[in-house]
Amino acid sequence: MLENDDLQDFMPWTVIAGGSEGVGACFARRLAERGINLVLIARKLAALEELGNSLRLEYGVEVRTHSIDLGMPDAAGHVIAHCADIEVGGLIYNAGAAHGLKPFLEQSLDEYMALMRLNTETQVRLIRHFAVGMCERRRGAIISLGSGASAGGTANLAGYSAAKAYAQVLVEGLWHEFSNFDVKVLCLVLGLTRTPAMARAGFSMESDEFQADDPEVVAQVGLSNIGAGPVYAMDSIRPNIERLSRLPRSEVVNSLSESSTALTVG
Ligand SMILES: NC(=O)c1ccc[n+]([C@@H]2O[C@H](COP(=O)([O-])OP(=O)(O)OC[C@H]3O[C@@H](n4cnc5c(N)ncnc54)[C@H](OP(=O)(O)O)[C@@H]3O)[C@@H](O)[C@H]2O)c1
């Protein structure tokens, strides 16, 4: 459960980048039911509005929605302008998945760079902006959604795994720096999770070897472990990460790449 002390960290407003569906929407609902106002960001306005209306109605919180592609240059500037008149105490950076598996040379450079900006530049700019106020007030919480693919280079997901590794290592350093200001920072590392984005991309979630996580459970685990940074891995992926950490790098890369190659996309 999210304790009252931890709840204070997200107040009075929390920004959720990728807050219209899946894990982001589950975080939104859990915070709204505790009275926290929200800024929900995603590309598809209709999904944002639907969720925003339902949270306003059910929990009486204020919800702002902002439709923007966070992979665009200066997406962060637009989000920051949208939040100019509110006190943001929480940032959950959820958007970031690679929708599909592709060899590096078959991916367009534009698509590649947009995924980099989504996971790195936009995330950095938003953390850099919102963390100033959090540190000044000595209250705040930042959750960045990570991936088991960040454990090493991964064939057909090379840019994605590299971007996720960048974000995780950045967040680790900030966890240490911001602890001096009582601001909590967490990279929540996910294994396969049954999100609408994964379903649309056609990823198979059925296997004898693993069980995909439910987004509701992911959000609950994330909020319950906000103080367990710098990195908290879901149970579904933790044994694999621990196993990989003991292997030589070539074996890490081969293991991750065998898994990504075995993933089926519909
Ligand atoms: N699902 C998994 O199996 C899995 C596994 C490991 C790690 N993760 C991590 O968990 C996080 C959530 O993953 P997910 O599967 O739910 O897919 P996702 O596409 O990263 O997240 C979905 C949310 O982000 C929004 N979004 C996606 N791209 C965006 C963009 N360019 N600009 C603005 N908003 C954007 C989506 O709405 P719109 O589409 O309307 O923009 C939606 O609200 C990601 O960081 C991912 O790397 C997921």
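Because the model is predicted, local features need pLDDT of at least 70 and side-chain atom pairs count only at pLDDT 80 or more, while totals for chains, interfaces and linings use all residues. Residues are numbered from 1 along each chain as its sequence is written.

The protein chain holds eleven helices and seven strands, where helices (H or I, at least four residues) and strands (E, at least two) are DSSP runs numbered from the N terminus. The C-alpha trace spans about 50 × 40 × 35 Å along its principal axes. Of the 266 residues in the protein chain, 42% are buried, a term that requires 20 or more other C-beta atoms, placed from the backbone, within 10 Å of the residue's own.

Residue I142 lies in strand β5 (residues 140–147), and I142 counts as buried because 27 C-beta neighbours lie inside 10 Å. Although I142 and L186 are 44 residues apart along the chain, their C-alpha atoms are separated by 6.3 Å. Leaving out residues up to four places away in sequence, I142 touches L91, I127, A131 and V185, contact being counted when two C-beta atoms, placed from the backbone, lie within 7 Å.

In helix α9, the buried residues are P215, V218, A219, G222 and L223. Seen down the axis of α9, these residues fall within an arc of 125° (taken from the directions from the helix axis to the C-beta atoms), so they line one face of the helix. The elements below are among those that cover them.

| Covering element | Residues |
|---|---|
| α2 | 22–32 |
| β6 | 183–190 |

Strand β5, the strand of I142, also belongs to this cover.

Terms used: Buried ≥ 20, exposed ≤ 12 C-beta atoms within 10 Å, placed from the backbone.
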